[in-house]
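Q: Hi! Could you walk me through this one? I have a few quick questions.
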Amino acid sequence: MAGGTVVSRATGLIRQVLQAAALGTGLLATTYNQANTVPTSLYFLFIGGALNSVLVPQLIRARAEHPDGGRAFEQRLVTLVLCVLAIGTALAVWVAPWIVSLYQSDTPDNHAAFELTVTFARFLLPQIFFYGLFSILGQVLNARNRFGAMMWTPVLNNIVLIAVFGTYVALMTAPGRVQDITGTQVTWLGVGTTLALAVQALALIPFVRASGFRFRPRFDWRGTGLRKSVSAARWTLLFVLTNLAAGTVVTRYASAADQALPKAGVGFTAYSNAQTIWMLPQAVITVSLVTALLPRMSRAAAEQRLDDVRGDLSRALRISGVVIVPAAFFFLAFGPQTAQLLFAHGAADPSSTRPLGHMLQAFGLGLIPFSAQYMLLRGFYAFDDTRTPFLTAVWIGAVNVALATGCHLLLPARWAVTGMAAAYAVSYAIGLLITASRLRRRLEGRLDGKRLCRTYGKLTASAVSAGALGWSVARLCSTKLTSAVWAPATSLVAGGLTMALLFLLLARTLKISELRSLPGMR
């Protein structure tokens, strides 16, 4: 699973670099990126949150308790999900202008950008259906303990998008302003992006058939146990709504920064690119662990084996921390170099990627609480408790919105969104404290806290020392090299290698046993 995720994220990174080369990091790129964000948000609003957190435990129970091994339940569930997605997708395409108006204002100065975002949205909103198809088929596979296909098929999505953006860069003239993009370019990007996701979703069908699942539409939903799933999902819907509300506020503020400085790369596109890079370690390690552990923890919770639930969570947190903690300090130390190396190409120049690097630094240390909080929430989902994650999300969203509003009102446009990145990190640190406290009570007052604190303390000490030396080496390289082309790559490689080697040495010296869980570290 981790291997598939690594390849998927690596190809996704190539796609992201080509996208920046094609569209830059300013207002033009924001029109595409905002439109491409809408399908993901609406998918989670319609059904995605419930699929990922509620319905997997329900599928596990149906397979274990129903006389037919849960086959009829699965068919009814898949039918219900596809119906909701089809109706939701059609409605979203119809009201696309209203949806876009939530993210940016249609003012005379911004009218061209608003209209372009709406046009992109109409091309991209059909992705809602394919996101849902991919997820429900993936969850059917997960319920059968088959995890690999769902991690590998996104590579196909990225390959198609690499071809789309590569062709765009090679054959089309990159527009400098929103007004300069042509209808052909918009159609190429819109159709290509949706096609890529369709390929990803449809590629799961052979794997699902091989697992023994046969789809037959079933609309006899009454009295079949789906009401319990829908009831449990209501809190997840509120959880998603809370996160969407906070995200919409931040997106609107970030778009305002783009409108104030259209070519400076200080707004939404820079924020979303920095956040995507920042989340890579969490996606590779934490999500892979959670995907494998949730069915196992759900079974343990159903049988009231609290020690097993506690042990699984503790081990997953400690193993993921071996990667997450040094990665957080890496972003803090090398944010600007990383941004320039990845994104200062084509339509984006070094000066327009500098704010992105500062945002990556601002996100930096927040990766630790973000990843840990994501992991601990799965402890509640294993108990079919979706109310507590919603209440926690309210606190996180409130803190994030309050701090982001302060940044929007008090900081200049150049630094406002960088401040919002730091606000996001702070909000999840507070969320982690709330989540850990409530889960500890759920697990009879014990969360293996001493061992977790000891491991994370050692990891932090190792990462701080290694990051400081790596930063010094990178700074020395950047001052000694006169070539502006090679300085970011050389300083990043030299500093990163120094940090990695020293971290491994210190981790072994401090006898961090979880290090042996990583490939090649035994």
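Q: Let's start with H12: which of its residues are buried?
A: In H12 the buried residues are Phe268, Thr269, Ala270, Tyr271, Ser272, Asn273, Ala274, Gln275, Ile277 and Trp278. Buried means under 20% relative accessible area, exposed over 50%, and partly exposed in between, with a 1.4 Å probe and protein chains only. Helix H12 covers residues 268-278, and ten of its eleven residues are buried.

Q: What kind of model is this, and how are residues numbered?
A: It is a predicted model, where local features need pLDDT of at least 70, side-chain atom pairs count only at pLDDT 80 or more, and totals for chains, interfaces and linings use all residues. Residues are numbered from 1 along each chain as its sequence is written, and side-chain values use heavy atoms, with hydrogens and water left out.

Q: Thanks! Back to Tyr271: what does it touch?
A: Not counting residues up to four places away in sequence, Tyr271 touches Val250, Met359, Phe363, Val417, Met420, Ala421 and Tyr424. Contact here means heavy atoms within 4.5 Å.

Q: And which residues have the most contacts inside the largest nonpolar core?
A: Those are Tyr271, Trp278, Val309, Met420 and Leu443, in a core of 81 residues. A nonpolar core is a set of buried Ala, Val, Leu, Ile, Met, Phe, Trp, Tyr and Cys residues joined through side-chain atoms within 4.5 Å. Helix H14 (residues 306-343) gives the most to this core, with 17 residues. There is also a second, separate core of 57 residues, which includes Ala29, Tyr32, Ala196 and Val208.

Q: New topic: is Pro355 buried or exposed?
A: Pro355 counts as buried because its relative accessibility is 3%. Pro355 sits in helix H15 (residues 350-363). Setting aside neighbours within four places in sequence, Pro355 is in contact with Ala264, Gly265, Val266, Arg414 and Thr418.

Q: Zooming out, how many helices and strands does the protein have?
A: The protein has 20 helices and zero strands. Helices (H or I, at least four residues) and strands (E, at least two) are DSSP runs, numbered from the N terminus. The protein is as compact as a globular protein of its length, because its radius of gyration is 23 Å, close to the 24 Å that the globule rule gives for 522 residues. That radius is taken over C-alpha atoms, and the rule is 2.2 Å times the number of residues to the power 0.38.

Q: Last one: what share of the residues counts as buried?
A: Of the 522 residues, 55% count as buried.
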